Amino acid sequence: MSVRTVENEPARAPLESIDPIRIGEGYYLEANGPVAGKPYVLLRKALERSAKVAVAKFALRGRERLGLLRVRGDAIVLHTMKWDDEIRDPAALAPKVVEVTDDEIEGAELLIDRMTRDDLEGPEFVDHYTDALAEVIKAKREGKAPPEAPQQAAPAGGVVDLMTALRESVAKAKTSRGEDATVHEMPTKKAASKKTAKKAPARKTTAKKTVAKKTSRKPRSA
């Protein structure tokens with residue numbers, strides 16, 4: 001990738017002062033020859049000691065862009081940035097006014113605590129598509145049949161909504177603390193079952209009375 005610097009004096013700013021939505025793809029920058037080695041190292045060390053990032057203009061694919069320079073290890077990384085008119089206003093996308101209770105917010109926090117992890121390592125963070133594509137290309141080069149795609153296992157349970165996950169998270173958190181984790185439901189179904197049980201004996205009694213009347217009428221007609 002060919003990058004041409006437009007401004008030689010980039011502005012310095014704290015990283016937290018830049019909205020992450022403006023930061024795009026990242027590219028490693030390399031010093032162009034021995035002469036550029038000293039300015040490269042000098043800029044890297046200055047940014048590293050000041051704990052700041054640099055913002056500068058540069059040209060990429062014939063277009064003037066805005067870029068963010070930050071230090072990663074012994075190298076400088078250039079991130080493309082979006083201009084103000086390239087960022088969509090989130091006001092039109094936000095949902096309507098929704099009321100949430102403190103208990104619901106607390107349940108969401110407990111759910112976040114349960115899902116928090118210290119790293120992003122594991123099979124769920126591996127690019128399986130790229131690995132599978134590499135195996136297919138290798139098989140075609142060797143004249144072999146491409147490997148069959150593994151069948152994905154069906155999910156163990158159904159789709160769980162957020163509120164159900166929050167209730168389960170609160171119950172597990174309370175259980176771990178030794179608190180009462182009993183979830184009390186509205187007694188709508190219980191009340192309906194009691195009414196049905198009371199009506200059933202009345203129907204049986206009515207049926208017995210009807211049979212008794214019919215039996216008593218037969219001797220009179222004879």
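1. Leu69 has Leu78 of strand E6 as its bridge partner. The two strands involved, E5 (residues 63–72) and E6, run antiparallel to each other and share seven bridges. Two residues separate them in their hairpin, where Gly73 adopts a positive phi near 70°. Please keep in mind that this is a predicted model.

2. One of the contacts to look up is Ile23, whose bridge partner in E6 is Met81.

3. How many residues of E6 are buried? Seven of the seven are, so the strand is largely enclosed by the rest of the structure. Ala75, Val77, His79 and Met81 point one way, while Ile76, Leu78 and Thr80 point the other way, and both sets are buried. For the protein chain as a whole, buried residues account for 15% of the 222 residues.

4. A word on the overall layout. The protein chain has five helices and six strands. Along the sequence they come in the order β-β-β-α-β-β-β-α-α-α-α.

5. Two backbone angles are worth a look. Most residues other than glycine have a negative phi. Ala51, however, has a positive phi near 55°; this residue sits in the loop between helix H1 (37–50) and strand E4 (53–60). Ala51 counts as exposed because its relative accessibility is 63%, and the cut-off for exposed is over 50%. Arg61 is another non-glycine residue with a positive phi, about 55°. Arg61 belongs to the loop between E4 and E5, and at 69% relative accessibility it is exposed too.

6. Next, the charged pairs. Side chains of opposite charge can pair when their charged atoms come close. The structure holds six salt bridges. In one of them, Asp84 meets Arg22, with the closest N and O atoms 3.4 Å apart. This pair links distant parts of the chain, 62 residues apart: Asp84 is in the loop between E6 and H2, and Arg22 is in the loop between strand E2 (11–13) and E3. Asp84 is exposed, at a relative accessible area of 59%.

7. Arg63 and Glu86 form another salt bridge, at 2.7 Å from N to O. Here, too, distant parts of the chain are linked, with Arg63 in strand E5 and Glu86 in the loop between E6 and H2, 23 residues apart. Arg63 is partly exposed at 42%, and Glu86 is partly exposed at 31%.

8. Among the remaining charged contacts, Glu142 pairs with Lys144 at 3.3 Å between the closest N and O atoms. Glu142 is partly exposed, whereas Lys144 is exposed. Arg44, Glu48 and Asp74 are joined in a network of salt bridges.

9. Finally, two surface patches. Val98, Val100 and Ile105 make a nonpolar patch of about 280 Å². Val100 lies in the loop between strand E6 (75–81) and helix H2 (102–115), and is exposed at 53% relative accessible area. A patch of negative charge gathers Asp102, Asp103, Glu104, Glu106, Glu109 and Asp113 on the surface. Of these, Asp113 is in helix H2 and is exposed, with a relative accessible area of 54%.

Notes
Residues are numbered from 1 along each chain as its sequence is written. This is a predicted model: local features need pLDDT of at least 70, side-chain atom pairs count only at pLDDT 80 or more; totals for chains, interfaces and linings use all residues. Side-chain values use heavy atoms; hydrogens and water are left out. Patches are made of residues with over 30% relative accessible area and no salt bridge: like charges are joined within 9 Å, nonpolar side chains (Val, Leu, Ile, Met, Phe, Trp, Tyr) within 5 Å. Accessible areas come from the Shrake-Rupley method with a 1.4 Å probe; for residues, only the protein chains shown count as cover. A salt bridge is a side-chain nitrogen of Lys or Arg within 4 Å of a carboxyl oxygen of Asp or Glu. Helices (H or I, at least four residues) and strands (E, at least two) are DSSP runs, numbered from the N terminus. Buried means under 20% relative accessible area, exposed over 50%, partly exposed in between (1.4 Å probe, protein chains only). Two strands pair if DSSP finds at least two bridges between them. Lys and Arg count as positive and Asp and Glu as negative; His and the chain ends are not counted. The place of a charge is taken as NZ of Lys, CZ of Arg, CG of Asp or CD of Glu.
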